[in-house]
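Visitor: Could you take me through one part of this model at close range? I would like to look at charged side chains that pair up.

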Amino acid sequence: MTSTETAKSRIASLDIIRGLVMVLMAIDHVRVFSGVPPGGPTPGVFFTRWITNFCAPAFVFLAGTAAYLHGQKLGSRSALARFLAVRGLWLVLLELTVIRLGWTFNLDFAHYLLAGVIWMLGWCMILLAGLVYLPLPVLVTIGAVIVGGHNLLDGRLQPEALQASPWAWLWQLLYLGGPIFLGAGGPPLIVLYVLIPWMGVMVLGYGFGAVMRWEQPRRHRFCLGVGGAGIGLFLLLRATNLYGDPRPWGGGPMPAALAFLNTTKYPASLLFLLMTLGPMLLAVPLLEQARGWIVDRLAVFGRTPLFFYLLHIPLIHLLALGVATMRTPEAAGWLFANHPMAMPPAPDGYQWSLPLLYLVFAVAVVLLYFPCRWLAARKTSGSSPWLSYL
């Protein structure tokens, strides 16, 4: 295999992983509109939510990797910084407008704004735009300290005590989350994805971009070694409840095997990130040699992740309205509430079965393939520079 073919295969592996996590993400967003709870004591409901935990860590990590590789093409840190700042602001704007409308199908902006994953991704890119001027070892060290050390804040930050502080809003954006009221009588901004530790994840992903330029044997050893070590550290810390997650397992109502995997996502704990990023790194060398019909289609989604994201929420929302019209038309109004964070409980009798949830998910993925394939072809042709922002 030539060096050019090797480079193409390793970049394709990132597209495949990105595409896979985009598809998995759609499961959880169908779940939002299905009325099925986010996890639960039964394995079917629990793993319907749990499998989607890999999405945000891989998405953010690989966004950092893509930033590094894009910077190599641009050939200038200042050009990369400008690109990241503009793209980050674009993502924040999309979250507060287009994506919010896709979630809610209403114009009740005065009472509900969401700082979701795209918001967080945008602000992390803006911050990364300032950090790319640092030497790469320093940058990676900063990322590792954020990811590995942020759980030291557990129990030390008391939300009630911070409410009187003029900086309470900043702590909510950085770590605590929750509603921030934008001025007297202004709309609440519900912060779901805080910047710590996700900024650290993106920085580590940026450093991983340099790894992806190594020769194959060295790159594979790194992915297998670090990925395996991440999984081993997760098992050790989780088994002992020593450090890394504010929610210990064991002794609760949930079966022990499920509680062991039920790590904290908001904010993402060290154990949550080890549990998800470790397997992702192990998959990189395996997928460099992957071929076939399924991986080709996953790679299409991986080359158009933002476009997929912008389309999939309103599409799933429309499919859910179609299901409600056929099953429970009297409950269709619930689908115009402030999803996914400020809606009332689903009406009685509305909740879907898991087979129906997965059927709607499959239909959504099939329908999304065709516009994503079109955009991927346009991007390959390089005919429109603005497509880099999708």
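Which residues are linked with Asp28 in a network of salt bridges?

Guide: Happy to walk you through it. First, a word on the ground rules: this is a predicted model, in which local features need pLDDT of at least 70 and side-chain atom pairs count only at pLDDT 80 or more, while totals for chains, interfaces and linings use all residues. Residues are numbered from 1 along each chain as its sequence is written, and side-chain values use heavy atoms, with hydrogens and water left out.

Now to your network: Asp28, Arg31 and Arg49 are linked in it by salt bridges. A salt bridge here is a side-chain nitrogen of Lys or Arg within 4 Å of a carboxyl oxygen of Asp or Glu. In general terms, side chains of opposite charge can pair when their charged atoms come close.

Arg31 meets Asp28 at 2.7 Å, N to O. Helices, by the way, are DSSP runs of H or I with at least four residues, numbered from the N terminus.

The other partner is Arg49, whose side chain forms a salt bridge with Asp28 at 2.6 Å, N to O. This pair links distant parts of the chain: Arg49 belongs to helix α2 (residues 43–50) and Asp28 to helix α1, 21 residues apart.

How exposed or buried are these side chains' residues? Arg31 and Asp28 are both buried, where buried means under 20% relative accessible area, exposed over 50%, and partly exposed in between, with a 1.4 Å probe and protein chains only. Asp28 has a relative accessible area of 8%, and Arg49, also buried, has 13%.

For a second example, turn to Arg219 and Glu288, whose side chains meet in a salt bridge at 2.8 Å, N to O. These two also link distant parts of the chain, with Arg219 in helix α10 (residues 216–240) and Glu288 in the loop between α12 (270–287) and α13 (293–303), 69 residues apart. Arg219 is buried, at a relative accessible area of 0%, and Glu288 is buried with a value of 0% as well.

By the salt-bridge rule, the count for the model comes to four.
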